[in-house]
Amino acid sequence: MTEHIEPKHIETDDLTKVWSVTEFCARHRIDAEEQALLLKLFGPFATACELLHNAKRAPRFR
């Protein structure tokens, strides 16, 4: 059984927004090596969810 859903009734959240990979890395303090891996994996743009789940960031120790 299928159901028709109007696009205007669908809620979008922040995780489906499309980000520039370089801007995301700059905002989240991700180093150049990890940024290169993300660019190779996704290209210049990806959703926030994809970036958050695939980025590795070094811990901030005192």
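The paragraphs below lead through a predicted model, from an aromatic pair to a nonpolar core and then to a buried charged residue. Residues are numbered from 1 along each chain as its sequence is written, and side-chain values use heavy atoms, with hydrogens and water left out. Because the model is predicted, local features need pLDDT of at least 70 and side-chain atom pairs count only at pLDDT 80 or more, while totals for chains, interfaces and linings use all residues.

(Rings of Phe, Tyr and Trp, the last by its six-membered ring, pair if their centres lie within 6.5 Å; planes under 30 degrees apart are stacked, over 60 edge-to-face and the rest tilted.)

Phenylalanine 24 counts as buried because its relative accessibility is 2%, where buried means under 20% relative accessible area, exposed over 50% and partly exposed in between, with a 1.4 Å probe and protein chains only. Phe24 also belongs to the largest nonpolar core, whose seven residues are Val21, Phe24, Cys25, Ile30, Leu38, Ala46 and Leu51; such a core is a set of buried Ala, Val, Leu, Ile, Met, Phe, Trp, Tyr and Cys residues joined through side-chain atoms within 4.5 Å.

Glutamate 34 is buried yet has no salt bridge, a term for a side-chain nitrogen of Lys or Arg within 4 Å of a carboxyl oxygen of Asp or Glu. The nearest side chain of opposite charge, lysine 56, is 5.0 Å away, although the backbone nitrogen of lysine 56 lies 3.4 Å from a polar atom of the glutamate 34 side chain.

Note on methods
Lys and Arg count as positive and Asp and Glu as negative; His and the chain ends are not counted. A polar contact is a pair of N or O atoms within 3.5 Å; within protein, one must be able to donate a hydrogen and the other to accept it, and residues adjacent in sequence count only if both atoms are side-chain atoms.
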